[in-house]
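Please have a look at the sequence and the model first, and then we will go from pair to pair.

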Amino acid sequence: MSADTIITKENLHFYLKELAKEYRKRSDGVRAEMILIGGASVLVNYDFREMTTDIDVIYAAPSVMKDAIRAVGDRLGLREDWLNTDFMRTDSYTSQLVLHSVYYRTYANVLEIRTVRAEYLLAMKLVSGRRYKKDLSDIVGILIEQEHAGRPLTCEMIDKAVVDLYGNWDRIDDFSKAFLDRVLAAPDMETLFLEQCEEEAAEKEVLLETEKNQPGSIRKYDVNAVVEAALAKKKK
């Protein structure tokens, strides 16, 4: 996958369908299960997200699944890690996610795709809390669409999801906690969503500029702290 490839709901379905067909040829019909995580899970469940830049998954399948992933990537000209399990090495990962996933659809009668329930997806976004990506706007978007669908997320539901996945709120930093409180108290979430999207775009620009001026420096520090410091300097 080239660096500028955009993953939409439509081409995500196409990639998964092609993967399922390739996997079926190699596995003699043995069924496999895959859970879409993060941006991919948001993309297939909500309308406020138009695209994502990666497909993070948790999957249980025979070893031929790796071969199928590689074959589809080669055939479609995708990046080697077009579909990956890197998420499992982040703070947001927990083995409890499997217990709180929900069925989405099955491709080629062999590949069952699951996603993450709304409140658990929101809990993961709180833990990740990347201010330069879409974690925070995703939180607002999820809350808005759940409200519009007549299935609003309450404080109690969110608290239960965090505790179910992580045992307590210790993995969630003060900034993310304060952000959630602000969103839940906001009289106009739609406006807040637009404002947050603008903030994230500005923060990403600052991050790219910092990386350009100081190559490699961001890896040494907390990214959110780097963004905050750079924005403060820019305001002066």
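In this predicted model, the side chains of Lys9 and Asp47 come together in a salt bridge, with N and O 3.9 Å apart. Lys9 belongs to helix H1 (residues 9-27), while Asp47 sits in the loop between helix H2 (38-45) and strand S2 (55-60), so this pair ties together parts that lie 38 residues apart in sequence. How exposed are the two partners? Lys9 has a relative accessibility of 22% and counts as partly exposed, because buried would mean under 20%. Asp47, at 63%, counts as exposed.

Now move on to Arg31 and Glu112, whose side chains also meet in a salt bridge, here at 4.0 Å from N to O. This pair links distant parts of the chain: Arg31 is found in the loop between H1 and strand S1 (32-37), and Glu112 in strand S5 (residues 111-116), 81 residues apart. Arg31 is partly exposed, with 48% relative accessibility, whereas Glu112 is buried, at 19%.

A further salt bridge joins Arg89 to Asp86, and their closest N and O atoms are 2.8 Å apart. Arg89 counts as exposed, with a relative accessibility of 68%, and Asp86 as partly exposed, with 35%.

Some salt bridges share partners, and in this way Arg49, Lys125, Arg130, Asp135 and Asp138 are joined into one network. To finish, step back to the whole structure: a search finds 16 salt bridges in it.

Notes:
Residues numbered from 1 in each chain as written. Predicted model: local features only at pLDDT ≥ 70, side-chain atom pairs only at ≥ 80, totals over all residues. Heavy atoms only, no water. Helix = DSSP H or I, 4+ residues; strand = E, 2+ residues; numbered from the N terminus. Buried < 20%, exposed > 50% of the residue type's maximum accessible area, 1.4 Å probe, protein only.
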